[in-house]
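Please read these notes with the model open beside you.

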Amino acid sequence: MFKKILIANRGEIAIRVMRTCRKMGIKTVAVYSEADEKALHVQYADEAFLLGPPRVNESYLKVEKIIEIARLTGAEAIHPGYGLLSENANFARECEQAGIMFIGPSPDVIESMGSKIAARKTMEKANVPIVPGGNAPLIDVEEAILRAREMGFPVMLKASSGGGGIGMQIVQDEEHLLKAFASNQKRAQDFFGDGAMYLEKYISNPRHIEIQVLADKAGNTVYLWERECSIQRRHQKVVEEAPSPFLDPKTRKAMGEAAVRAAKEIGYTNAGTIEFLVDENKKFYFLEMNTRLQVEHPITEEITGLDLVEQQLKIAFGELLAFKQSDIQLNGHAIEVRIYAEDPVRFFPSPGQITAFKLPEGENIRNETGVDATSKVTPFYDPMIAKLIVRGSDRMAAIKELQNALRNYHVEGIKTNIPMLKEVAEHEAFINGETTTSFVETYLMKAKK
Ligand code: MV4
């Protein structure tokens with residue numbers, strides 16, 4: 001196994017990765033910005049090196065500097081966490097060229113999933129269902145109107161380089177499409193340097209259900225069930241759970257097998273996630289593939305008993321998966337909520353000095369945090385400061401744990417979204433499993449409008 005690795009990230013995920021390294025006897029190298037000099041991930045690591053000023057462009061995204069530190073310290077591999085450089089094919093390529101193992105899939109595979117149009121074509125070839133729609137960039141607005149007429153309104157206009165809700169518009173009619181086409185194209189061009197767009201049939205009131213996969217370098221590929229992440233606010237996930245309260249065993253198996261076909265088709269290695277939209281009739285459609293470890297990976301760990309970071313490290317080192325599909329367990333139910341430093345009413349980031357930080361404890365509670373009672377939350381990074389993960393023998397037991405844990409979660413000095421999380425956890429619709437992408441809008445925003 002690797003003797004030393006560098007973690008090119010910060011906050012809770014850097015600490016999460018280092019915890020597994022410690023368990024496996026791997027030394028850790030942290031990197032940090034001037035704003036993170038006192039951060040927990042710096043204290044937790046065996047060694048830590050300053051990258052530069054607070055802004056990510058001058059610190060956590062400095063490819064050459066990070067690789068230089070890895071070389072200097074003798075780190076054999078780099079774990080990118082999520083966000084930052086985790087899906088940057090160029091970074092993965094630079095690592096490769098420097099003789100340092102990038103803990104993730106190959107650069108070409110990362111790149112291949114960056115274009116949504118190309119990904120749709122690939123998935124079609126692998127017999128993975130995609131949302132009905134186009135598989136080539138729209139030439140002009142006239143073509144868009146023709147295609148939309150064939151498909152029937154409403155349609156979804158999407159940027160090929162988009163993702164996570166950026167560069168995407170629901171279009172109700174031809175008149176609206178005329179306007180949306182040019183503005184969406186400009187936005188996509190400005191944002192991604194690529195104005196290519198395509199149309200999809202609009203799926204109403206869908207669920208977002210994603211499948212975790214693991215693939216070793218010999219091509220052995222397994223699925224670790226699903227995570228339901230439908231409860232989101234402005235494309236920011238709020239609550240995630242595994243298994244999904246919506247899926248039946250047959251759909252679960254069909255989605256898992258489709259995800260494995262998708263991964264095999266592109267020669268995927270390491271841990272990855274295939275996102276699907278699932279409609280009201282339980283029909284599922286490929287949406288995007290995330291070529292990284294995800295924020296919500298812990299709920300998969302809780303129901304399978306696997307350590308996904310350990311699996312990533314073993315796969316990157318060249319080990320074969322030690323289990324096959326039929327060995328993978330699905331035990332109990334797990335729920336994760338994301339704790340954000342934000343104003344609970346206006347949903348603005350709320351940076352500041354934390355003055356008290358008391359976490360709930362219990363045998364069914366897991367905390368992943370990047371801060372403590374002395375930390376300062378700065379405005380430079382993602383405002384997610386911690387994750388609360390609970391488990392239970394079934395969904396209701398997990399919900400009870402969640403309700404109790406949230407009551408025992410105390411953060412002072414900054415504002416957090418804990419009041420909103422409590423509202424979700426106590427809400428009848430959530431308890432009934434009505435977890436669709438319109439949950440927040442339908443049940444939580446009404447009273448505040
Ligand atoms: C859709 C859709 C309905 N129909 N595509 C949002 C994020 C991006 N990855 C894709 N998204 C959607 N694509 C079609 N054809 C609805 C959404 C969507 C959504 C998807 C997942 C989770 C939350 C969402 C919230 C609003 C819209």
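1. Is Cys 229 buried or exposed? Cys 229 counts as buried, because its relative accessibility is 0%. Buried here means under 20% relative accessible area, exposed means over 50%, and partly exposed lies in between (1.4 Å probe, protein chains only).

2. A word on the basis. This is a predicted model: local features need pLDDT of at least 70, side-chain atom pairs count only at pLDDT 80 or more, and totals for chains, interfaces and linings use all residues. Residues are numbered from 1 along each chain as its sequence is written, and side-chain values use heavy atoms, with hydrogens and water left out.

3. Look at strand β2, residues 27–33. Six of its seven residues are buried, so the rest of the structure largely encloses β2. Helices (H or I, at least four residues) and strands (E, at least two) are DSSP runs, numbered from the N terminus.

4. Strand β1 (residues 4–7) runs parallel to β2, and four bridges join them. Two strands pair if DSSP finds at least two bridges between them. Leu 6 sits opposite Val 29 of β2. From β1 the chain passes through helix α1 (residues 11–24) to β2, a right-handed β-α-β crossover. Right-handed means that, with the strands pointing away from the viewer, the path from the first strand over the helix to the second runs clockwise.

5. Strand β3 (residues 47–52) is also parallel to β2, with five bridges between them. Ser 33 has Gly 52 in β3 as its bridge partner.

6. Back to the cysteines. A disulfide is a pair of cysteine sulfur atoms within 2.5 Å; the count is zero. Cys 21 is in no disulfide: the nearest cysteine sulfur, that of Cys 95, is 15 Å away. Cys 21 counts as buried, because its relative accessibility is 0%.
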